[in-house]
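Opened the notebook for this one. I wanted to look up a helix, a sheet and the nonpolar cores.

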Amino acid sequence: MSMSNCLLRLSSLFFLSLLFPGLLLAQSIVVKGTVRDQAKNEPLAGVTVQVKGATGGTTTDSLGHYSITVPDRKAVLTFNYVGYTAQEQTANRAGALDVALAASTASLNEVVVVGYGTQKRRDITGSVVSLDHSRLENMPNTNFAQALEGALPGVSVTTAGGGAEGENVNILIRGQKSIKATTGPLVILDGIPYNGSFSDINPTDIASTEILKDASAAAIYGSRGSNGVILITTKRGSNGKPVISYDGFAAEEKIANLPSVLTPQQFYQFKVTREGQASVTTSEQAVYDSKKFPNWLNLATQNGSKEQHGLSIRGGNTTTKYFASVNYLDTKGVAVNDHFKRLSTRINLEANLTKWLTYGTNTSLGYDNRSGLPATFSGDNGAYFFNPLTTAYDSAGNPTIYPWPQDTHFANPLAPTLAINSDNAYQVFTANYLLVKFPFIPGLSYRLNTGFEYNQRRTSTYYGRNTADGLANNGDLSQKNSNINNTTIENIVTYDRTFGKHAINFTGLYSYEKDLTNVDSLDAQQFPSDALTAYQPNVALALQPGSAYAKRTLISQMYRLNYSFDGRYLLTVTGRRDGSSVFGANNKYAFFPSVALGWNITNENFMEHNTLFSNLKLRLSYGSNGNQAISPYQTLAALTTRNYIDGSLTAPGYIPSTLDNPDLHWETTNTANVGIDFGLLKNRIQGTLDVYDAKTHDLLLDRQLSPVQGISTITQNIGKTENRGIELSIGAVAIDQKDFTWSLSGNISMNRNKIVELYGDGKNDTLNNWYIGHPIHSDLGYKFGGVWQLTDDTLHSNMGQVHPGQAKIKDLNHDGVINSYDRTILGSYQPSFTWGLANTFKYKAISLYVFVQGVEGTSQINNLLSEGGVQAGVRHNTVIKDWWTPTNPTNSYWINNPQSNPLDVHIVQSNAFVRVKDMMLSYDFSSLVSKAGMSRLRLYVEARNLFTFTKWKGLDPEFSSTQQQMPLQKEYLVGLNVSF
């Protein structure tokens, strides 16, 4: 039985086991009613209705209706809605209980996940931002990182390439702090560290996403919090009858942009002009004469498609609540043979076993199928710049093995599509907890968290004799089986009490984590035939097995004290001690403290008659976080194999590969943060402003060693970096009429990153492009100054003797000579600022959502404008340029000649951009179908990556300077949301 069938059957069992008990639960009292806006007398959808003192609950539908089961007539119901004052009502009789909520002055009672617990937003002292739930609930995301793009201040999500899976994204929180160690944030899924792929988390299962940005907020995760923390909480069950929901969409994908390369005729002329007629080979000339040219980009790309279907059920009563879902995603990318399928299922269950004991589990199973290799886009065989004077198919219609018979170095870009490839992955992620409340000590509780993550991925690729690799090796097989296990055990003690005007919340933690990685691999060549493809490694004449093993453990203790006086003055003190196995024997443990203060100014007596500010809070914090993101065993002396010949035999030999380093320790970031949260005009306008300064020291860097050691580098704690920045986010309701509303939210972030110190000697590392006083990513070189013209004095130039048409270099120090002193930092990978703006226009049941994001002030070397890539003899195509000629004396580009750029100057272009990321039009039919028993029916159409405005000439301004990644796609979607 296939894994997909197993998951489908398992998910069916989940639904059956949960649905029938939910329908048969005894219901003591059922309370129903409608919740409305007190001033407008309009129904409120999404109001949380709960039994006071119990977890879970239900929410109102689009007409404001709710239904909830309560244990008895004395039960108290609480009604909570963002932007409205919470209300309590006693369920003293069965039947209807209608409630009118008044708009509050602030959404301060909103509960926010902060790690190892929750807090009301009014009590938060650190820098914590929450993702707008509508970007998760209403947007057709296949990857939760898509919802983060441009949506939050200080959170940079960049797309590194296209692809069906959508996994080529990088997330940075408040800039890059480390040079060698990893810089991605820590992801916490349902309270447990998550190490899997972003694409394995089903976005429709997510209830909330919070980002911890400053040291105080992230200090509870100590050694892994220096790059920020993303807290993801999945959906839970609720009181009341089962609610079944379907969310699905279908999409068409088209290529967003392709570089403008030379046509075959232009390429032929380019080659002849540059290298002479003799450089054209006989096969190239034959193709040119036949006029049968392959369009390699058309052959390697296609119109893609995407569909996703999700089904969920949630419900429960006062003792047991459940949420279960199954989701299927099928994507065909814009690259030929790029395919990704995901099948996932989840069950979240919480049971109040007694008044003092609660058990819960959040468990998901997943299956990914990535089988099939796409066409090649990068490297010598890349479709972007493959020689157009070649042949894609032979006379039988099969892809040619060598499209250029005179140069067999080049293989067909379509060759990977012929490989027999299977790539299957399986995941299990389970977060389980046991909560004990001690009735004899009010406010005291103990929670045991256990988490287990298992990932298995098996890949197999066979290149037959119909490809260059297979032909050269008489069949070429590579197989890999990787297993990753992560185990987490956390013991958490919490004490939460209020004494008059004093409120105290104390959290203590002792945790253990273990990560295990096992990889087995096999490379095989020299097969008697291709008949059995990947199923015949035993008959190969050349076999090379391999294996890898890594284990990492982490032991931590943490405390956090939250204190509030009269809701005005707030204090948070946190300390965490971590011990990691990856560090040296002398420095395995480190302590990371932080302190934060908050002042709710609007709660002061002198603000009693204030009519401008509905919320005003000042926050101050300072603290430390660590980074342990290096590979295990780097502190140990190790050997590597170096076999030798002993007579006629091969004998095993070993040589040193790393030196012992028992003093290697944590990379540490100290961050100071000042923040202001504000609400104006009865919360018509809300916002947050943060200013921060983060200094990182004891960087984990590789120091170069003398060759006499036999080892080239050793990892040490050396170097410093600094990140400073300002972040602003604002949300506002611009128009709020009976039938029409216009709301908008925007954010802007500025981060300044620089290297403060490297090796302690004040010197730069030019080999790695690391320069003190400049951002971590910098390029050093000459600055392009135009082209030498016929009217210039080329015999006495500052570059020596030059010729008209050659590239000119700027004399930056004005000494009349071009030398190394004229080199400078080229461009800026660091944006002046980034921003995002979302607008929602709603007229009755029609809603239009437009989201635009932008990056300003960046520039980088455009490698597409370099002629070095065509190689000697012109073996590659290139993009169209405005080449200099005597009759076209341009200054934009030099002459088409191998000697036209003697000092290898680069052209820098702005890659700033403005992108219309999402545009969605939806219609809510809920008011028309309520009589049919539906609580929601929503139809929408959306366009994603619709327009990009930029001066960048290439594939995409977000991609790296190589500009040879899989192309970015535009998406056009139609989707449906149904609940009943």
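I'm working from a predicted model here. I looked up helix α6, residues 282-290, and found Ser283, Glu284, Val287 and Tyr288 buried. Those four span an arc of only 140° around the axis, so they sit on the same side of α6. On the face turned away from the buried side I found Thr282 and Asp289, both exposed. What covers the buried residues? The cover includes α5 (264-275). I also checked what follows α6: lysine 291, with a positive phi near 65°.

The largest nonpolar core has 47 residues, and Phe784, Trp894 and Val905 touch the most other members. I then looked at where this core comes from: α5, α7 (296-300), β42 (784-787) and β43 (807-809) each supply at least two residues. α5 gives the largest share, four residues. Skipping neighbours within four places in sequence, I listed the contacts of valine 905: Tyr782, Lys783, Phe784, Ala807, Ile809 and Trp894. Another core, of 26 residues, lies apart from the 47-residue one; Ile171, Phe198, Ile211 and Phe429 are among its members.

I traced four strands in an open sheet, order β3-β2-β5-β6, with antiparallel pairing. β3 (58-59) and β6 (87-90) are at the edges with a single partner strand each, so one side of each has no neighbour in the sheet. Between β2 (residues 48-51) and β3 I found two bridges; valine 49 has threonine 58 of β3 as its bridge partner.

How values were computed
Residues are numbered from 1 along each chain as its sequence is written. This is a predicted model: local features need pLDDT of at least 70, side-chain atom pairs count only at pLDDT 80 or more; totals for chains, interfaces and linings use all residues. Side-chain values use heavy atoms; hydrogens and water are left out. Two strands pair if DSSP finds at least two bridges between them. Buried means under 20% relative accessible area, exposed over 50%, partly exposed in between (1.4 Å probe, protein chains only). The arc is that of the directions from the helix axis to the C-beta atoms. Contact means heavy atoms within 4.5 Å. A nonpolar core is a set of buried Ala, Val, Leu, Ile, Met, Phe, Trp, Tyr and Cys residues joined through side-chain atoms within 4.5 Å.
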